[in-house]
Amino acid sequence: MKKFVFFAALILSFFSVSAQSKQEHYAINIKKFQRFYNEQNADSIYSMYSEQLGNALSLAKTKEMVNALQGQIGKLNSYTLSKETAEKNIYTGNFEKMTLSIVLALNEKNELAGLLLQPVKTEEEKAVAAFNNNFNVATNKGDSLFGTLLMPKSVKGKPNIVLIIAGSGPTDRDGNSVLGVNANSYKMLADSLSNAGIASVRYDKRGVAESAAAMTSETEMRFDDGVNDAILFVKKIKVSGLFAKIYIAGHSEGSLVGMLLATKEKVDGFISISGAGENSADLLRKQLKANAPQIAAEGDKILNSLLKGNTVNVENKALAEIFRPTVQPYLISWFAYNPQVEIKKLNIPILIIQGNTDLQVGVSDAQLLSKAQPKARLVIIDQMNHALKTVGNNREENLATYGKPELPIDSDFSQSVIDFCRL
């Protein structure tokens, strides 16, 4: 639709008046407006204004707007009342060149206190607005999780959509964390998708940012809670009926969450971004061996017990915090899943993306996932780190990118996601 000038786009104030005979005055005023507008009689339209509206919108400005609108949208052929409230009436105006909503407000003297012409929203546009402005889901405990829907800047028909699932820890919907991460990686990915005609949803996990009130005590936390929460967002997307295809993009720990989601809920594609290729218990073994070899053997025994679903009494002070009693039930639920086993279950298009300067997850992890699911497309991004930023092999420079929200995400990465989500 061409851009056009809004006529008298000021609704200054509304006044409480008796409903009795008010609609008669509205009928008179909309009829007057139609006649004066079609005659290009700006003086008579100006005479309908309340004192406040007249002070805000001069006669000269009214003449200018009427002339401009006549040239762009033509005469007002007909109108119908579409909605009436105590404050205003909304009419659907059939102009020569397009259909617009006419918003009319009268004060207690039945003078024109507000007049606005605006595009008529389709039912789909109204649904998008409602969906976007109230994007939250209720958990199984009645708390709310909050997210952001970003629609494409321009698209024909129903767009595809990507659900972006955050990584571990207190990572919020934008890819930032109170632990010192300020990279805006997920927000930048959503912006890139929007520019390419693809919608996205990203959300704050339980206990994080706007979803802080939905925090579960550590003793009650289970890995499946995160999976079930993500499923709630997928169901909300489906119920909206606004989108053609649904893709899941999980980053880091969110990769495993996304895999499990895709085994339980029908989606159109899955993207693993910097996702681990091994069971998390095996990753902990490697970390203990590399960073604390003197307690690695004892750590192995604890991990073996947890893998069997049994809690452990940990006496070693160096291990007691890592394997504290309150977190062991969560670790047991997490260790129950092997990414290689889970990705093998998927029978949908899959994209595995990994950067080769990632300090937390290696190319070998992506290769393990690719080997487990040969049908998946594997993309290794040169010089991309865990924050999805472009950086070389210098460790200090790599870590510094985690605190640079102005630094864009890797363009090859974002393009790979875009291409996949256009399938």
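Let us begin with helix H6, residues 185–195, whose buried residues are Ser185, Tyr186, Met188, Leu189, Ala190, Leu193 and Ser194. Buried here means under 20% relative accessible area, with exposed over 50% and partly exposed in between, using a 1.4 Å probe and protein chains only. Helices (H or I, at least four residues) and strands (E, at least two) are DSSP runs, numbered from the N terminus. This is a predicted model: local features need pLDDT of at least 70, side-chain atom pairs count only at pLDDT 80 or more, and totals for chains, interfaces and linings use all residues. Residues are numbered from 1 along each chain as its sequence is written, and side-chain values use heavy atoms, with hydrogens and water left out.

What covers the buried residues of H6? The cover, with contact taken as heavy atoms within 4.5 Å, includes strands S7 (144–150), S8 (161–165), S9 (199–203) and S10 (246–251), together with helix H16 (411–421). After H6 comes Gly197, with a positive phi near 85°.

I turn now to the aromatic rings. Rings of Phe, Tyr and Trp (its six-membered ring) pair if their centres lie within 6.5 Å; planes under 30 degrees apart count as stacked, over 60 as edge-to-face and the rest as tilted. That rule gives 12 aromatic pairs. One of them, Tyr37 with Phe95, is edge-to-face, at 5.8 Å centre to centre and 90° between the planes. Tyr37 lies in helix H1 (residues 22–38) and Phe95 in strand S3 (residues 89–95), so the pair links distant parts of the chain, 58 residues apart. Tyr37 is buried at a relative accessible area of 0%, and Phe95 is buried at 5%.

Finally, one aromatic cluster is formed by Phe223, Tyr330, Trp334, Phe335 and Tyr337.
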